[in-house]
Amino acid sequence: MEIFFVLGSPLLGGVLLSLWGHRKFAAELNSLMSVATFAAAAALTVRVISDGPMITPDEQFFVDPLNVFLVALTAFVSMTTSLFSRPYMRIEQAHGKLTDARLRLYHSMYQLFSFTMLLVLLTNNMGILWVALEAATLTTVLLVSLYRTPASLEAAWKYFILCGVGIAQALFGTILLYFASERVLGSGGGALLWTHLQHVAGSLEPTVMSLAFVFLLVGYGTKVGLVPLHNWLPDAHAEGPTPVSAVLSGLLLNVALYALIRCKVLVDGALQTPFAGNLMMGFGLLSVVVAAFFLSRQRDIKRMFAYSSIEHMGLTTFAFGMGGPIASFAGLLHMTVHSLTKSAIFFAAGHAAQKSGTQIMDDIRGLIKVNPTIGWGLMLGTVAILGMPPFGVFASEFLILTSAMRQQPWATPFLLVSLGVAFAAIFSKVQPMVFGDTNAKRLPHPPALVPVFAHLLIVLLLGLYIPPYLADWYRQAAKLIG
Amino acid sequence: MIDGPITPLAASLAAVIAWLAIALAGVMFPKNLRLVSHVLFPTGALVALALAAAGWSGLAQNAETLILPLGLPDLPFHLRMDALSAFFLLLLGSVTAGVSVFAAGYLRRGEGTLPGLQCLYYHVFIASMTLVLLADDAYAFMVFWETMALSSYFLVTSDHRKAEIRSAGFLYLLVAHVGAVAILLCFGVLQGGTGDYTFGAMREVQHTAFWGGIAFGLALFGFGAKAGIVPLHVWLPEAHPAAPSPVSALMSAVMLKTAVYGFLRVMFDLLDMQVWWWGVIVLAAGLVTALYGVVFSAVQSDMKRLLAYSSVENIGLVFVAAGLAIMFRAYDMHALAALALTAMLYHALNHAFFKSLLFLATGSVLHATRERALGKLGGLIHRMPWVAWLALVGTLAIAGLPPLNGFVSEWLLLQAFLFTPGLPQNYLNMLVPVAAAAVALTAALAGYVMVKFYGVIFLGQPREEKLAEAHDCGPWERVGLVWLAAGCVLLGVLPVYVIGMIDSVTHTLLGRSLGNAAQGWLYLAPIHADRASYGPFLFLVVIVVVVLLAFLAVRLFYHGRIRRGPAWDCGFPHQTARMQDTAEGFGQPVRQVFEPFFRMRRELPDPFDAVPRYRVSVEDHLWYWLYLPVAWTADKVTSLVTLLQRGRISVYLMYSFCTLLLLLLFVR
Amino acid sequence: MLPLSSQVINLLAAILLLLAFAMLTQRRILSLINLFALQGLTLALSTAVVAWSTGQSHLYWSALVTFALKVVVLPWILHRLIRRLNVKWDVETLLNIPTTMLIGIVLVILAFNLALPISQLAGTITKSTLGIAMASMLLAFLMMITRSKAVPQVIGFLAMENALFFAATSATYGMPMVVELGIALDVLVGMIILGVFFFQIRERFDSLDIRHLEKLKEE
Amino acid sequence: MISASGVAAQITELFLAVALAPLMTGWVNQCRAWLQNKSGPGPLQPYRMLGKLFQKESVIAYGASPLFRITPYILFGGMCLAAAIVPTLATDLPFNTAADAIALVGLFALVRVFISLAAMDIGTAFGTLGARREMMIGFLAEPALLMVLFTASLISQSTSLSITVGKLLQMDLAIYPSLAFAGIAFTMVLLAENARIPIDNPATHLELTMIHEAMILEYSGRHLALIEWAASLKLFVYACIGIALFLPFGIAQGGDSLGLILALPVLVAKLAVGGALLAVIETVSAKMRIFRAPEFLGTAFLLAVLGMLVHFLLES
């Protein structure tokens, strides 16, 4: 029942806002629908806590430990982001960057986007999962190109083509998956239902499954932003409106990775070899190293943090590829804390950019003087994303690195180097932005900083104390992933 | 949580909580200087005293553990207090007490960060250091370790409007972070694939020689980066001058010691093996660091940089002792290992006291004169007698002169060297005397450096007019300085008691302790009274008595007439204060003798110059041999990587196409 | 001796591959669109044949959808776009045609090799066509890489979609209906969005040459 | 462990040292005069000078701090302590347990630091110049001295001087190459530490070349007297160290008072010869430029370390 509320409210919101998206109260409505979504998700979570995993009668939707916390996370972040985007977009409008029509588009697409992502997470059907992910791409394409500037159009175009092609590979992978499963489960709708596949994974045809995984990896990997399929990511993050960058980094990448993990489980079941894991480890490590080196040349603040997203997604992929209870646990934890921290950073960075009227980091100076809260938000967020305790990112990195040291020692030098390089790059850029003297001006509307510090607070808590039920989900999910 | 009498561990935990409370109070009233400086900091000092007491009592008893309901789900924070932690807690508490009192008088309005925030960072800093010493699992250790680094970073950059201070802070945090990652990986090795990160579990793991070596290397790198082992010392001379003086005092006196603690913890407690050549490596690293530090501090012309380099030197000596201890232990010569270890711990303690004393003294000088450059100071002994005379104690102590504390640890160290002929390794027997010689040279150079430091700052004539209105430090500062100076003297005069404390540490780590062969508190005789003995108290008494006798005799048989007159100007009446020997001049012999150490650029005056000018700049070779190449390489790699993102969509499509094909072939 | 239906399907598959090559080498944009429509037609036909020969009723529907979408709607949209944007130019490729052909041959060989073991497993009457589907997908991919104008690139994208459809029908008798509808919807929406895009790109860069879209990059 | 005879020996030794030290200096100067074909002032000259200086009032520069005034006493006290540590007449000295060879070196360092600080106190160019040079000599000479003592300690397995001497006395008369090395090194250190040619010229009046004299340029009257006395004590103590380490025979073992009485003439004889040798060395060698001094002392340091290595190689 809750499931339908979770899916319904953003859908409804999308419809409503496509009508009234340009009105005065549109922003409030947007936030309202997101809050409703989150409330439904919370109810769903509570339900799951009380009586375990569930599945709808028609078997089309299901909730298990792996997706329940992602649903909660997605709903939460999209809620906070909508809260943040209320003043942010007002300021953008005041700066004359947006017309009413575009604002309407923005609001409705925002809702639809969160709908598609929740659909990806909740659906039981691998085909629908693909469809929803493609839809998510389409909505975000419109969001990225919102400003209609040449740069944003270019970014959106690249985003569309690259992800479209990628996702097409994923479709081929899905077809092969269906081809393999159909011979076990018989044709028809049942053959793509995860709940069924999961049980027969052992008897799926290995050769087909390995081939399928290659296509799925290339497909979904493009959306995760694994090097060398990542090229769309920095452009899209840098040119879209900040709330969109926040949800792209914080949610879309996670969701794509979620799809990839689902596939990995099946392939592992079929092959009984570390084939999939090795591929993921390779791509993950490559992404970490390359992204780390990309960081040091950046001039645009959002672009830089986009690369840092690639780095962290790579780390997470590496963790999942490594497998084992600790590593998978760490991977899930890292997904959570990264999406929270990174979106918080984007909020702060967005306001910082608005304050100094540019995204070029050399022109952003001394935030801590003009607006201490923004400055501290950015500083703390950066410190957190760089893996400094007591923030949660450190907890997951701790687990990943320490278990890598004994499971995959060959990888640790690369990780050591790239973490060092990333630290040097990001911190040397952020420090002068936060500290020092400045020449920034006031904003027409008060900035929204509650989301920033709410996120950072949660991340801080996760670094010091992980509530038992959350830990249980992580453990069960880790067991599921293997 | 605890029942019955308050255990030392509980007490120190309470101290931590109290500090955090103080920190929060500071945040509540960030602008209220009087509250912060006259209430919060003194309270913090009292808490520090309590912590020292807790450490003291913790030394006696055997290990005690506690588990906090925080941390990772399978890994709550484990705390444990054994003699080793207790000893370092004692160090931390006793030094911090002095520094906090000093800071109470030191804080001024309108200097960088708000006093409340400084109070926050400061107390979080010392609280996290305490927790580092108490941590008993890898996760807790790392969390507190990095919190320590972070809070000290904010302290260093508390005057963040200056660009060089920002860059110093950045360099510091970068090195600290890289080192921390290395330590983390070291713990990854130590847990031995069991997935259990408590130290208790790590102690049980049996390591192969290979993994043991890796763990050792990572530990040396990680903790060395924090302690400032050459070539990872570069952040030290940048960060210490940048920080406010009480902070530099704490960083150099206590924070470096936490690195020493971590190294000891790993090498003597967690790692189940010792190999003799590890000892050689540590010894060599220590020697290089010590010489490097002292030689560089001799040529500095900024008083805080000079002290920072001297910290590098002292840490080097500490690691020399550690190397000896590892060697001895590898050959199961536990009594001698205990001797070396005692020397090491004793020197750590001494350094904590005199280095913080000197840093605080420079702080007072800085406040009185707004000058850090040695070339613009001088003659302050007349203007600020308190600071000058207390600093003299620190100077003599750090120069390793009897009967003060610096000498005791050097004495123990040299004794340890004299025993090395026992080693069953001819190469080592040959190598060790050379090492002893290097240590002796370092000690002598330290004397040189300290004469320069003290003489140029406090003696002679003031080199600038403005020094005339320099004022002596206030009551709070005096209390702090006196406390630390008294510590120096007591540690020097009553070594038997101190060694009594250290014995419990060596006993827990090695199962053997030094004891004191010559009974009684008067004489210190580590192995046997015939072997060597030292009675600093007697030493002091005799000197004082003879001096007094001489004085009285002169007064008795002759007279005490004094006439004041001008100094002998050698027939050149126009001498000014500027014509005194400068700091650079004083460093010149060292520049001459140790030329190859430095990267020097001289501008010699031309005989025909109207205004002849002699300029010399001394730099660190390592920047050019190590760090710049690294940066250059990183830049090259970056520009290679950048080729991936040239903006051409067809090329991007090509990437994914090729990836696909490659993978397909890979599947075949 | 194969049954008639599978002979027909193989024939259609061959035609599909031929069309893929033709699109790869086609210079003129209008005929490119026509080729695309033709490919759609082939696809619909083969789907229908499969439906007829196997009696899978839902395949009729998907054949119908395919026909509607890929033979009628999309070509029509494309034609209108061409007319509205009056882009009558010839297509210029980044890679000269013979090289492209050679690469294409290599791809086909690779695809066949990959598909071989799988087709052995397939119990469908259309098993041998999976290789062709994969080949034409790779060819479409190649076409997207080599074209320097926006519209041909999109057509390549759609051709890839076709290939996937063909794979779905040939390897398995079509995906579940709900999935097929979803996919169709996505393709349609994507197409419309692209249409909107074309106009915006045009008004910003007054050209549809994607080589104008190379500003965002790392120095 | 403290015996009455020990205390007696200790006290006699101390007073003997304080009393004889100026005589030693005078004797060396007298020998130098003879070697230079002069008729010297006689070996008792230093006593007369001390007396004169004590009579005079002492003139102190305006900028002088209390440190400047207490330094002479500390110097004197430190040197007395040194004299008490070194076994000159008997090995059974209760004070030896309080300070061993390392402490002795530390004591010399303490004295050196104080006099350098005092020299910098006034803030004249020469004072600082002297202090700088003195410290340079110091940081080169101190390790060398330490190494010399280490060599002896390695042979005798003890850093306590009296025990070392006792061991050396008991050992049958064998040739110790290590000690030969150490002996040469020690002589060089002695020359440097006592402001002797070739490092420094005690008789010079040219400010630019002097080291020790430059430091005490500002002192006068009783302070100067104490410093001079301390200087001659230093020379005396060094000579005694050399004797104790390299030709220890004649030093009373344990607490026998007869040995004590016998030891005195032997010591005087040794000192006389030693002083004469010193004078010879000073006469035949020329003062070297200040920046040759590091090479000179570096050689000494090297020889001392070589001595230790030789000990490991040949004697253990």
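Reply: Leaving aside residues up to four places away in sequence, B:Ala321 touches B:Ala340, B:Ala343, B:Met344, B:His347, B:Leu413 and B:Ala416. A contact here means that the C-beta atoms of two residues, placed from the backbone, lie within 7 Å. This is a predicted model, in which local features need pLDDT of at least 70 and side-chain atom pairs count only at pLDDT 80 or more, while totals for chains, interfaces and linings use all residues. Residues are numbered from 1 along each chain as its sequence is written, and chains are lettered from A and ligands numbered from 1 in the order in which they are written.

B:Ala321 and B:Ala340 are, with D:Ala83 and D:Ala144, the residues with the most contacts inside the largest nonpolar core, which has 684 residues. Helix α6 of chain A (residues 150–185) gives the most to this core, 22 residues. Such a core is a set of buried Ala, Val, Leu, Ile, Met, Phe, Trp, Tyr and Cys residues joined through C-beta atoms within 7 Å. Buried means that 20 or more other C-beta atoms lie within 10 Å of a residue's own; 12 or fewer make it exposed, anything in between partly exposed, with C-beta atoms placed from the backbone. In soluble globular proteins, nonpolar side chains tend to be buried together.

Next, the contact between chains B and D. Of the four pairs of chains that touch, this one has the most contacts. It takes 67 residues from chain B and 69 residues from chain D. On chain D, the elements giving two or more residues are α2 (45–55), β1 (58–61), α3 (66–85), α4 (101–122), α5 (125–156), α9 (221–246) and α11 (293–315). The largest share, 17 residues, comes from α5(D). Helices (H or I, at least four residues) and strands (E, at least two) are DSSP runs numbered from the N terminus. By class, the chain D side has 43 nonpolar, 18 polar and eight charged residues; Ala, Val, Leu, Ile, Met, Phe, Trp, Tyr, Cys and Pro count as nonpolar, Asp, Glu, Lys and Arg as charged, and the others, Gly among them, as polar.

Strands also link the two chains: β3 of chain B (residues 562–565) runs parallel to β1(D), joined by four bridges. In this pairing B:Arg563 stands opposite D:Val59. Strands pair if DSSP finds at least two bridges between them. Within chain B, β1 (residues 64–72) and β2 (residues 75–81) pair antiparallel over six bridges. A hairpin of two residues joins β1(B) to β2(B), and B:Leu66 stands opposite B:Leu79.

Chain D does not touch chain A, their nearest C-alpha atoms being 41 Å apart, nor does it touch chain C, where the nearest C-alpha atoms are 55 Å apart.

Chain A has 19 helices and two strands, and buried residues make up 69% of its 482 residues.

As for confidence, the model scores ipTM 0.90 and pTM 0.92. The mean pLDDT (the predictor's confidence in each residue, from 0 to 100) is 89 for chain B, with 98% of the residues scoring at least 70. Chain C averages 84, with 94% of the residues at that score.
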